[in-house]
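Good morning, colleagues. May I ask you to look at the model on the screen before we discuss selected parts of it.

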Amino acid sequence: MSAVLDHPSVHGHHSHAGHDAHHAPTGWRRWVYATNHKDIGTLYLLFSLTMLMLGGVLALLIRAELFQPGLQFVNPELFNQLTTMHGLIMVFGAIMPAFVGFANWMIPIQIGASDMAFARMNNFSFWLLIPAGVMLVATFFMPGGAPSGGWTIYAPLTLQMGPSMDVAIFGLHILGASSIMGSINIIVTILNMRAPGMPLMKMPMFCWTWLITAFLLIAVMPVLAGAITMTLTDRHFGTSFFNPAGGGDPVLFQHIFWFFGHPEVYIMILPAFGIISQIVPAFARKKLFGYTSMVYATSSIAVLSFIVWGHHMFTTGFPVAGQLFFMYATMLIAVPTAVKIFNWIATMWRGSMTFETPMLFAVGFIFVFTMGGFTGLICAMAPVDIQIQDTYYVVAHFHYVLVAGSLYAMFAGYYYWSPKWTGVMYSETRGKIHFWWSLISFNVTFFPMHFLGLAGMPRRYADYPMQFADFNAVASVGAFFFGFAQLYFVLFVVIPAMRGKGQPAPQRPWEGAEGLEWEIPSPAPFHTFETPPKLDASATKIVA
Amino acid sequence: MTRMYKEAKALKTSFAGAVLMTTWAGLAHAVQDLPGGPAVNQLNLHPAVTKIAESQAWLHWFMLIICAIIFVLVFSVMFYSIWKHRKSVGHKAADFHESLTVEVVWTAIPFLIVIGMALPATKVIIAMKDTTNADVTIKVTGMQWRWGYDYLRGEGEGIGFISALDRAQRELSNEGGPKSGADVVDYLLKVDKPLVVPVGRKVRIITTSNDVIHSWAVPSFGVHQDAIPGFVRDTWFMAEKVGDYYGQCAKICGKEHAYMPIHVKVLSSGDYTAWVEGEKKKMAALADDPSKVWALAELVKRGEKVYAANCAACHLPSGKGQAAIKPLDGSPIVLDADHGKQIETVLKGRNVMPSWKALSDTDIAAVITYTKNNWSNKTGQLVQPAEITQARK
């Protein structure tokens with residue numbers, strides 16, 4: 001088939017002659033027994049793409065139901081299942097694994113390492129995703145249907161759910177274990193396997209953001225595991241952590257969940273910042289402005305993310321001091337985030353820019369993500385949040401940062417690095433169609449939701465007062481266009497690339513791109529940097 | 001402050017007008033604004049009826065304007081750069097990539113802006129949390145999927161009732177919503193019995209819940225407080241205008257989450273007093289004697305109403321149930337000559353079914369009797385309120 005899927009016979013100029021006859025398995029064994037970071041990266045990306053499509057179908061069912069007031073397609077029970085599973089699948093099945101896929105592919109070749117530190121654990125952490133993903137999807141077919149308490153699985157509503165809740169909890173546990181293993185692997189790889197001559201402060205930004213993200217993951221995934229385990233024992237073993245009937249505290253669940261949940265949202269955006277920080281300099285043909293401050297800004301976002309969870313809970317009835325603390329702390333996050341935006345724009349300033357698809361998505365990211373950042377600031381203000389919490393305003397806000405943020409960055413990253421992965425260039429026309437189509441339909445879908453939220457339309461509603469009808473209709477139409485744009489991406493960009501269709505990619509397809517990934521041929525050989533490369537002073541080039 | 005708010009309001013009106021005229025004219029649903037509830041294609045927060053809601057609206061405009069200014073400034077720089085510093089216009093890349101001064105400046109400026117934003121909010125938070133010296137205290141109990149209102153203190157003390165969505169509207173929803181062209185102005189917002197409060201007096205709302213977390217939110221008052229089972233939380237409002245105000249449950253609480261609206265009727269002092277008196281009289285007349293012994297037909301008739309108001313949403317009017325919800329028609333528990341199991345189910349809930357202990361003994365007895373003698377269930381059994389009183393002990 002293709003460069004990506006073919007059995008690797010190409011060897012880069014870095015591979016040893018003696019390794020020519022390596023004994024990698026072929027056929028299905030190549031994937032099931034995969035220990036090569038590139039193969040595992042591909043598996044991660046394909047898995048997350050599948051989940052993205054599945055989660056997207058659920059989203060479109062939601063939007064179809066909400067196209068008009070009244071129930072037309074689904075009953076309220078199924079509607080709640082759809083919103084819940086859309087959230088869980090997108091967060092845990094699509095976005096998180098996709099970034100791990102990027103990390104697997106790019107981190108070793110960006111730091112000049114031969115592979116990830118723990119190759120077999122890498123295999124395990126991927127293959128754990130499959131049963132977990134199957135479990136999440138299978139909940140729909142269980143008696144009583146899928147969990148329907150929202151992706152935040154607030155107790156004590158979860159105590160009322162049917163058996164599918166237990167299956168979802170088990171699935172989340174497995175996903176958590178997988179994430180922790182992935183993170184350990186990434187941390188050890190980055191800290192120990194950088195090529196000589198690459199100190200941390202010369203490391204590509206994508207590696208930096210992932211290093212920080214990995215620490216966040218290790219810190220908070222066990223917290224989620226704790227929360228859902230307590231839910232499980234409340235459900236079946238007579239404990240009452242969250243069950244008020246036994247003296248438990250439902251708000252405690254929210255504290256624990258959001259202590260995980262808020263760092264989690266940075267887990268989903270920091271690697272995106274990393275990707276954007278690589279792409280903007282490449283297409284501005286100018287070094288990243290303020291590299292050091294970018295590293296510090298990312299770290300401070302990570303640290304702050306642990307002390308702001310309460311802003312998800314302003315309506316639970318915090319005392320004055322609690323509301324003030326969480327409001328101030330949350331608003332502080334605007335500072336490092338602003339620094340990042342300023343640095344990207346300063347990188348573009350007086351550059352020599354071209355706008356191939358990766359750059360389009362990167363600029364689109366900066367523009368639209370910033371809107372999500374501003375609405376985040378508005379949500380952070382406790383008195384205003386009282387009005388908009390649990391309304392469509394919040395739905396708009398987090399889709400601006402997760403879709404126009406994380407997802408756009410992944411598209412940018414895909415267009416930027418796929419020539420290296422597949423050995424073929426994507427079609428620039430198709431890339432541009434995908435970008436403009438996505439950008440416009442995204443805004444048509446989610447911008448009206450700000451108005452709906454301000455007007456007080458609560459989220460997770462299967463039906464709504466008629467005054468909200470028009471904006472909902474617009475959002476639904478936009479959502480279907482957005483969905484088709486992603487189908488177009490899969491059918492006309494990804495699949496052709498996997499089948500090796502397209503212009504052969506040069507080693508460095510982007511004039512201004514710097515970094516070790518562009519020092520190896522396209523497609524990247526099966527094994528790279530088997531011996532550590534010698535780097536120049538900037539740690540971006542190999543010296544012979 | 002006020003001037004800025006007024007300007008912002010004018011801006012909003014003209015923007016809303018433009019949007020209405022151009023984009024939305026002619027879309028299918030002809031519907032009017034609902035005063036105190038949502039307006040058609042409303043673009044901003046509800047018109048404020050309390051001081052708190054007014055400050056919230058002011059803060060929102062304040063934030064929105066600052067954010068919009070920053071947005072325009074930052075992105076004009078970006079788009080200027082995109083326009084001028086392109087390779088295709090022959091721009092050569094400069095070589096700068098570090099400046100401590102610049103970094104310090106653009107860390108400090110956002111920091112100061114953020115402080116400036118948070119300060120006015122602080123005052124509002126403190127005011128929002130001050131629930132002391134209330135004139136009327138009302139306990140709001142969230143339950144799947146209705147609101148219970150109990151007047152605990154102040155004028156009206158002792159009044160208590162349950163407020164649920166109008167049943168016809170709930171059925172309308174199942175039927176696919178209001179027909180095109182139909183103007184159901186309060187669709188999904190009409191309740192059988194609104195909460196009634198006096199104008200210009202401080203009303204303290206104490207929230208709690210019987211089952212899962214709900215959230216009592218009335219946008220016009222700027223009030224939004226979770227109702228948490230096992231705990232009490234409070235909030236307050238002082239409505240400045242007589243009228244009807246609407247809200248909806250804001251925290252996902254299960255299947256009928258979208259169907260538990262809030263309707264608050266604000267009355268003038270005199271009207272409120274009259275309402276309280278009327279209510280008290282009605283309560284006295286309606287009070288059931290739980291030791292009364294009922295005849296079958298009488299109890300079935302009452303049970304039919306209780307069933308329709310509380311049970312039919314899940315078990316369906318046909319008693320057939322749906323998906324995880326068990327049918328009552330032909331159910332062994334319902335048919336059982338031993339009443340205990342069914343009484344326990346109603347009082348304590350079972351699996352997905354919540355507890356219905358909030359209903360009165362007479363209502364529970366009536367609805368159980370009704371299910372035992374309706375559809376194909378012709379048991380002839382009669383459950384008296386006294387049995388429920390006994391079972392509660």
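In which sense do β4(B) and strand β10 (residues 261-267) of chain B pair? They pair in the parallel sense, over four bridges; two strands count as paired if DSSP finds at least two bridges between them. Helices (H or I, at least four residues) and strands (E, at least two) are DSSP runs, numbered from the N terminus.

Please note that this is a predicted model, in which local features need pLDDT of at least 70 and side-chain atom pairs count only at pLDDT 80 or more, while totals for chains, interfaces and linings use all residues. Residues are numbered from 1 along each chain as its sequence is written, and chains are lettered from A and ligands numbered from 1 in the order in which they are written.

To return to chain B, β4(B) belongs to an open sheet of three strands with the order β4-β10-β9 and mixed pairing. Its edge strands are β4 (195-198) and β9 (243-248), each pairing on one side only. Within β10(B), V266(B) stands opposite V197(B).

Let us turn to the contact between the chains. Chain A contributes 84 residues and chain B 88 residues, where contact requires C-beta atoms, placed from the backbone, to lie within 7 Å. On the chain A side, α12(A) gives the most, with eight residues.

Finally, consider V74(A), in the loop between α2 (37-66) and α3 (76-111) of chain A. V74(A) counts as partly exposed because it has 16 C-beta neighbours inside 10 Å; the cut-offs within 10 Å are 20 or more other C-beta atoms for buried and 12 or fewer for exposed, with partly exposed in between. Leaving aside residues up to four places away in sequence, V74(A) touches L61(A), E65(A), F79(A) and L82(A).

Notes
Contact = placed C-beta atoms within 7 Å.
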